[in-house]
Amino acid sequence: MKHIILKPKFLNDEQKKKLLALARAELEHRLLQKEYDAEDYWEPDFELVRGCFVTLTLQGELRGCIGQLAAQSPLIELVPQMARAAAFEDPRFEPLNRSELNQISLEISLLSDPEPVEAEGIEGQLEALRPHVDGVILEAQGHRATFLPQVWEKVASKEEFMTALCQKASLPGDYWRSGPFTLYCYQAHHFEE
């Protein structure tokens with residue numbers, strides 16, 4: 001498998017701040033009826049069509065995370081869409097409320113294109129995974145789930161990572177040990193407030 005890592009300088013610091021501000025402006029618009037114009041945040045690089053996730057945390061705990069692995073729209077449109085979805089449509093959480101708005105932190109992850117893990121057998125596939133570098137997509141029996149590379153920080157091993165990924169895909173936790181599945185890897189360029 002050929003690994004591609006997005007360059008750390010893909011976006012400069014000012015552009016990162018602008019994208020984060022755009023995501024927050026969308027949430028303020030939804031919760032406080034505060035108007036904004038996306039054109040005020042526009043940069044040529046934001047016309048790029050790239051997979052993107054927006055993650056919300058509250059006091060260090062996950063509060064919502066939604067994204068698209070294969071985007072159909074440019075970042076200038078996708079970032080506010082995913083911020084809104086993470087805040088109000090993540091089925092694991094109640095919709096964000098006004099009292100939480102100033103307490104949450106936003107993180108944006110821009111993704112490289114997923115590539116299949118072409119290693120032989122379970123051991124080979126586990127060996128191919130790079131903790132803290134690769135995001136992973138698991139597809140099996142019509143189910144699909146992904147974990148961003150940041151999730152590696154919360155697990156102790158590749159086995160624990162795969163178990164949690166299977167559970168997220170609504171499969172038995174040990175499904176990865178024997179069931180047929182396909183794995184894809186991608187990398188993320190992530191930044192936060």
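**Labels and cut-offs**

Mentor: The structure holds zero disulfides. Keep in mind that this is a predicted model.

Trainee: What is a disulfide, in bonding terms?
Mentor: A covalent bond between the sulfur atoms of two cysteines.

Trainee: How far is the sulfur of C185 from the closest cysteine sulfur?
Mentor: The distance is 14 Å, to C166. The limit is 2.5 Å, so C185 and C166 are too far apart for a bond.

Trainee: Is C65 buried or exposed?
Mentor: Its relative accessibility is 17%. Buried means under 20%, so C65 counts as buried.

Trainee: And C185, buried or exposed?
Mentor: The relative accessible area of C185 is 3%. Against the cut-off of under 20%, C185 is therefore buried.

Trainee: What makes strand 1 "mostly covered"?
Mentor: Six of its seven residues are buried.

Trainee: How do you know that strand 1 and strand 2 pair?
Mentor: Pairing needs at least two bridges. Strand 1 and strand 2 have seven, in the antiparallel sense. So they pair. T55 stands opposite C65 of strand 2, and T57 has L62 as its bridge partner. The hairpin has two residues between the strands, and Q59 takes a positive phi near 50°.

Trainee: How many bridges join strand 1 and strand 3?
Mentor: Seven, again antiparallel. The requirement is at least two, so this is a pair as well. L58 has I104 in strand 3 as its bridge partner.

Trainee: What is the strand order in the open sheet?
Mentor: The order is 2-1-3-8, with antiparallel pairing.

Trainee: Why are strand 2 and strand 8 called edges?
Mentor: Each has a single partner strand, so one side of each lacks a neighbour in the sheet. From one strand to the next, the twist averages 15°.

Trainee: What is the volume of the largest pocket, and which residues are closest to its centre?
Mentor: The volume is about 890 Å³. Of the 28 lining residues, T55, L62, C65, L148 and V151 are the closest to the centre.

Trainee: Which strand gives the largest share of that lining?
Mentor: Strand 2, with five residues.

Trainee: What is the lining made of, by class?
Mentor: Eleven nonpolar, eight polar and nine charged residues.

Key: Residues numbered from 1 in each chain as written. Predicted model: local features only at pLDDT ≥ 70, side-chain atom pairs only at ≥ 80, totals over all residues. Heavy atoms only, no water. 1 Å grid on protein atoms, 1.4 Å probe; cavity = no way out; pocket = protein on both sides within 12 Å on 5 of 7 lines; lining within 4 Å. Points joined across faces, edges and corners; volume = space filled by probe spheres on them. Helix = DSSP H or I, 4+ residues; strand = E, 2+ residues; numbered from the N terminus. Nonpolar A, V, L, I, M, F, W, Y, C, P; charged D, E, K, R; others polar. Buried < 20%, exposed > 50% of the residue type's maximum accessible area, 1.4 Å probe, protein only. Axes fitted to C-alpha atoms, helices over the stretch in contact; angles between N-to-C directions.
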